[in-house]
Amino acid sequence: MSADPRTIASAGDDALLTVDALSMRFGGLLAVDNVAFAVQRDEVFAIIGPNGAGKTTVFNCVGGFYKPTSGRIVMGGESIAGLPSHKVAGYGLVRTFQNVRLFKQLTVLENLLVAQHRRVDTRLWSGLLSTKGYRRSEQEAQDRAVVWLKRMGLIEFANREAGTLAYGHQRRLEIARCMVTEPRLLMLDEPAAGLNPQEKRELSELIDELRREFGVAVLLIEHDMSLVMGISDRILVMEHGRPIMTGTPEAVRTDPRVIKAYLGEA
Amino acid sequence: MAGQLKSASIAALVTAVLVAPVFGLRILRDGFNNILETDWPFVLLSAAVVFVFQMVRPLLSRGTSRLKLPVLPPLRASQHKWITLFILAALLVWPFFGTRGAVDLATLVLIYVMLGLGLNIVVGFAGLLDLGFVGFYAVGAYTYALLYQFAGFGFWEALPLAGAMAALFGFILGFPVLRLRGDYLAIVTLGFGEIIRLLLINLTSITNGPDGISGIPKPTVFGLEMTRRARGDDVTFHQFMGWDFDGSHIVIYLYLMALALAVVTLYVSNRLMRMPVGRAWEALREDEIASRSLGLNPTRIKLSAFTLGAMFAGFGGAFFAARQGLVNPESFTFIESALILAIVVLGGMGSQLGVILAAVFLTVLPELARQFAEYRMLLFGLVMVLMMAWRPQGLLPMRRPHVELKV
């Protein structure tokens, strides 16, 4: 049953995110070909595959950065395919980037404040006159930011410019910036890239805790196999834009098609 | 070293070639004869000067790299408040002791401060290169002029409408245009400025074409006119106060109004920078993709900067029309846009104090150097080139106020 991704997609009708028959064509290149998967609530779902398999393209389609050529993307019962990314974020779906994209000249705290732009009081008059409601809204945003800075062990850097943080801290800040928006689905694009073994262990613990404590589902692209195998509930394997299989880490590890995709013909 | 010698020689040669026909050879008239007078020593001297300068330039640049213009010392909030109050008081009091010419010049400076701060919101905060800012200035000025001509509006009734009209134009222009990036946006806004000017010239039936609209009344003081004789039976300001008529009263009054408008602009842009929208502008300027992934709507946020900037240009325009008493399309050429942009860039994009300093500098200097009027544009260009070479971040680079977390 795990062999056919389509059946899994249709089986998960109460799934948080359902992607069905997704295709993305760039000119003559079919970068994503008929991909389907579903992410359940508080599930860690990983997409793996060799370089150029189309993993990040799937991410960009789901996140609204590309308009998919065809296919269905349903988040919490509502179709989000083709919506621009800033609207997609409104459905509780936020992401990190392969190469960290922080606002480097804003402070660590301000990075988390910008992330809350959708919920703070952005009305012109209340800000210009600094009304009571406006000040409360700003204070609450700051309090939420502080909670996450403490949680991520970044509170001591709160007033530093984000660009001056160590790389590992920048990675954590990017996740904090997503979490402060209280998302339902967190999409992590190669979160372990460039981290040392100690930091990788911390990352996998963090992902596990986020899922358990905050009930957030995680959609993950990662090359580090020990990390993926350790934390994922299910894994989708892609090659050349096509899905090969979806299954548990054990099923993936032993599947001959996956071994062939990674190691080539024996 | 050899390379340096070579480049210096080439520079000297180029200088000689350029200088020779202009200064080295002079045609003099002597009765019926034309005599060609040569001045080779001058040509050789200038070539030598350039040669020496090129040779020692590396040493100079080493020297200037250590030279630093001041960065503002961080002030405590209370100090900041007192200094601001002191400066404000000084600005309020001095025109009563200054000469009429100086007060008039200061009024002009304040108009440019207002325009500079307005454009600073667009270029400095939101990072949108707007080359047609003068278009909004023109919209504001003509809104007042036309409202006066066709509906008899006074300055105070027209001022908010002029701001609103310019903001509306900013909104309508910004909506389709803000999807464009960088250079494209610059070109479209440049075109917009020109379109407004050409419309003003060619809509003769409404705007009176190149002649413009004249006889625009100056602002009143609570309905009292500040003229020698009131229209109709009204009481004028000096009659009401029981003073003798003095032409400098209106000059001081205009100055104080310009000051009030500039202070309001400063206050608003200062608040904006600390508000969520200010943070969003900054974030969007740094990384639009990351901003969008967090749910920030780029078009809407940029549009707010564009509209607000245009609104201040509109206020400035209405005030300009009132001060001049006359508007015509000549006042709204591209050079004006370039000047306002130069104020923002020279001051340091995003830095309000820098913009104010640059506005003073670029308005007062040409007035002081009147005898060099022909070289004005040349000097202007030279200053810009030198600034970009040595201090591209502007006179007083922006130091954004960060939200500090008190632990």
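Residues are numbered from 1 along each chain as its sequence is written, while chains are lettered from A and ligands numbered from 1 in the order in which they are written. As the model is predicted, local features need pLDDT of at least 70 and side-chain atom pairs count only at pLDDT 80 or more, whereas totals for chains, interfaces and linings use all residues.

**Figure 1. The open sheet of chain A.** Four strands of chain A, in the order β2-β1-β4-β5, form an open sheet with antiparallel pairing. Strands (E, at least two residues) and helices (H or I, at least four) are DSSP runs, numbered from the N terminus, and two strands pair if DSSP finds at least two bridges between them. The edges of the sheet are β2 and β5 (78–79) of chain A, each with a single partner strand, so one side of each has no neighbour in the sheet.

Figure 2. Seven bridges join β1 (residues 17–26) and β2 (residues 29–39) of chain A in the antiparallel sense. A:Leu22 is opposite A:Val35 in β2(A), and A:Met24 has A:Val32 as its bridge partner. Two residues lie between the strands of this hairpin, where A:Gly27 has a positive phi near 55°.

**Figure 3. The contact of chain A with chain B.** Chain A gives 29 residues to this contact and chain B gives 24 residues. On the side of chain A, α3 (85–88), β6 (93–95), α4 (108–115) and α5 (124–128) each supply at least two residues. The largest share, five residues, is that of α4(A). The side of chain A that touches chain B is made up of 13 nonpolar, eleven polar and five charged residues.

**Figure 4. Packing of α5(B) against α7(B).** Helix α5 (residues 133–151) and helix α7 (residues 182–202) of chain B pack at an angle of about 30°, and their axes are 8 Å apart. Axes are lines fitted to C-alpha atoms, for helices over the stretch in contact, and angles run from 0 to 180 degrees between N-to-C directions. From α5(B), B:Val134, B:Gly135, B:Ala138, B:Val139 and B:Tyr142 meet B:Phe192, B:Gly193, B:Ile196, B:Arg197 and B:Leu200 of α7(B). By class, this contact has seven nonpolar, two polar and one charged residues.

**Figure 5. Surroundings of B:Tyr144.** B:Tyr144 and B:Ile343 have the most contacts inside the largest nonpolar core, which has 178 residues. A nonpolar core is a set of buried (20 or more other C-beta atoms within 10 Å of the residue's own) Ala, Val, Leu, Ile, Met, Phe, Trp, Tyr and Cys residues joined through C-beta atoms within 7 Å. Apart from neighbours within four places in sequence, B:Tyr144 is in contact with B:Phe155, B:Ala158, B:Ala162, B:Ile216, B:Ala318, B:Ala321 and B:Ala322.

Notes. Two residues are in contact if their C-beta atoms, placed from the backbone, lie within 7 Å. Ala, Val, Leu, Ile, Met, Phe, Trp, Tyr, Cys and Pro count as nonpolar, Asp, Glu, Lys and Arg as charged, and the others, Gly among them, as polar. A residue is buried if 20 or more other C-beta atoms lie within 10 Å of its own, exposed if 12 or fewer, and partly exposed in between; C-beta atoms are placed from the backbone.
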